[in-house]
Amino acid sequence: MGNGKSRSGQTVCSQFLPEEQAEMDRLFDALSSEKSSPNTSPRSFSLKALKSRIGEALPPEMVTRLYDGMRRVDLTGKAKGPSQSVSQEQFTVSMSHLLKGNSEEKSLVILKMISVTEGPVKAREVQKFTEDLVGSVVHVLNHRQELRGWTQKKAPGPLPRVQVLTAQLLSEMKLADGKKLLGPQWLDYDCDRAMIEDWVFRAHLVATFLSVIIHRGFLLHLALNLATFIPVCQVDQGQEFESILDVLSVIYVNSHLPREQRHRWHLLFSSELHGHSFAQLCGRIPHRGPCVLVLEDHDGHVFGGFASCSWEIKPQFQGDDRCFLFSISPSMAVHTCTGYNHHYMYLNHGQQTIPNGLGMGGQHNYFGLWIDVDFGKGHSKAKPTCTTYNSPQLSAQEDFRFEKLEVWAVGDASGQKLANSGKSILDADPEAQVLLELIGRSHHSQGLREIPDE
């Protein structure tokens, strides 16, 4: 890793390992061998050659942006403008910056991809670049058949998910005075290199998305761990199911989970598959490890929460400060713990004096997210924000109704842990246990448990 000589003898700065650089050289050889323009100099390639190589794996707009970013790399500091074609040195430096560089190096190339003019760029240009980038990720993963079981379903609400995620990424950009770039009134604001560099550092998905479109667009053999980028979607055998979430929503929520839980989502409960029943919900989600819960209210708002610990049915709060609430539609946001209290998770039923239902954040009767035992009803009471997660009202109405609710176990399958835990058969089938309790029947096997070894 470090400086290396190109075949022209010029020293270029590359952060690729020797085997990685060898692959870059082979890719450049393939690109430069396609002489598609008489103006293309030896040992360089044209836009037409790049489009021919990538084919339909990326949208044409993104291929052009990549090409412009490469040919505008100024290796000498004396260039009067972009070169007519991309040299090997320009190709190596731009790919090194985008794939292995720090936020400063990435932002240098990103600025050149955003605008053909030097100097600051308008916020609306950054917005268009981000839309192209987000759309290209879904495009290339779909083209390569790497959606891992998720879909590109049309999102509820007025805006496509590409625009919603674009708005979220842009909300990470800060102006010189520390304010955030929010609202259409800022679209004509000038964004300089320092702002773009800070944005690339804050909005980590921007760099991740660039890496994905380059790796999968060019079919590079360099290391790229898609397993923690898009989790495998697992639904029990024989069940046809389309989630409330599309692939971009999953990528966004998944990026905020602990890394060890990002590779697999296994469906535990769906109101569409398992019925509109709080008993069914309570029977399927306890003792299954960390979970993502998501629902869609009758007004099309999509939101939910991450439970970092196994759900337990009990009248006390549970969980820890890794829990969070999130919104997907009409806007994307993640709301993490404030430290004000420990009211992270709550799941209870069968009590006469305290609420029965599932809740996250806030307090009894004023939860940040609440699913009532009267299934199909809930509330999100946050005025001005939820004390536990600093989240606003997530639903369209404070007291809402819903039809669709899903709970996904994330990370390694934890249902198998019961088999070796020495627990009762009622623990292994919590749905049966809940149903017995709801109809007032006692558990005859409760008194027959063996005393566990100390």
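Helix 1 (residues 18-32) packs against helix 2 (residues 47-54) at an angle of about 115°, with the axes 9 Å apart. Helix 1 is therefore roughly perpendicular to helix 2 (65 to 115 degrees counts as roughly perpendicular). Leu 27, Ala 30 and Leu 31 of helix 1 make the contact with Ala 49, Leu 50 and Arg 53 of helix 2 (contact means heavy atoms within 4.5 Å). These residues divide into 5 nonpolar, no polar and 1 charged.

This is a predicted model: local features need pLDDT of at least 70, side-chain atom pairs count only at pLDDT 80 or more, and totals for chains, interfaces and linings use all residues. Residues are numbered from 1 along each chain as its sequence is written, and side-chain values use heavy atoms, leaving out hydrogens and water.

Now the core. A nonpolar core is a set of buried Ala, Val, Leu, Ile, Met, Phe, Trp, Tyr and Cys residues joined through side-chain atoms within 4.5 Å; buried means under 20% relative accessible area (1.4 Å probe, protein chains only). The largest has 87 residues, and Phe 45, Phe 91, Met 95, Leu 141, Ile 196, Phe 209 and Trp 265 touch the most other members. Helix 6 (residues 123-143) gives the most to this core, with 9 residues. Another core, of 32 residues, lies apart from it and includes Ile 285 and Phe 402.

Look next at Phe 91. Beyond its neighbours within four places in sequence, Phe 91 contacts Leu 27 and Leu 31, among others.

Met 95 also belongs to a helix contact. Met 95, Leu 98 and Leu 99 in helix 4 meet residues of helix 9, including Leu 210 and Phe 218.

How values were computed:
Axes fitted to C-alpha atoms, helices over the stretch in contact; angles between N-to-C directions. Helix = DSSP H or I, 4+ residues; strand = E, 2+ residues; numbered from the N terminus. Parallel < 35°, antiparallel > 145°, perpendicular 65-115°, else oblique. Nonpolar A, V, L, I, M, F, W, Y, C, P; charged D, E, K, R; others polar. Buried < 20%, exposed > 50% of the residue type's maximum accessible area, 1.4 Å probe, protein only.
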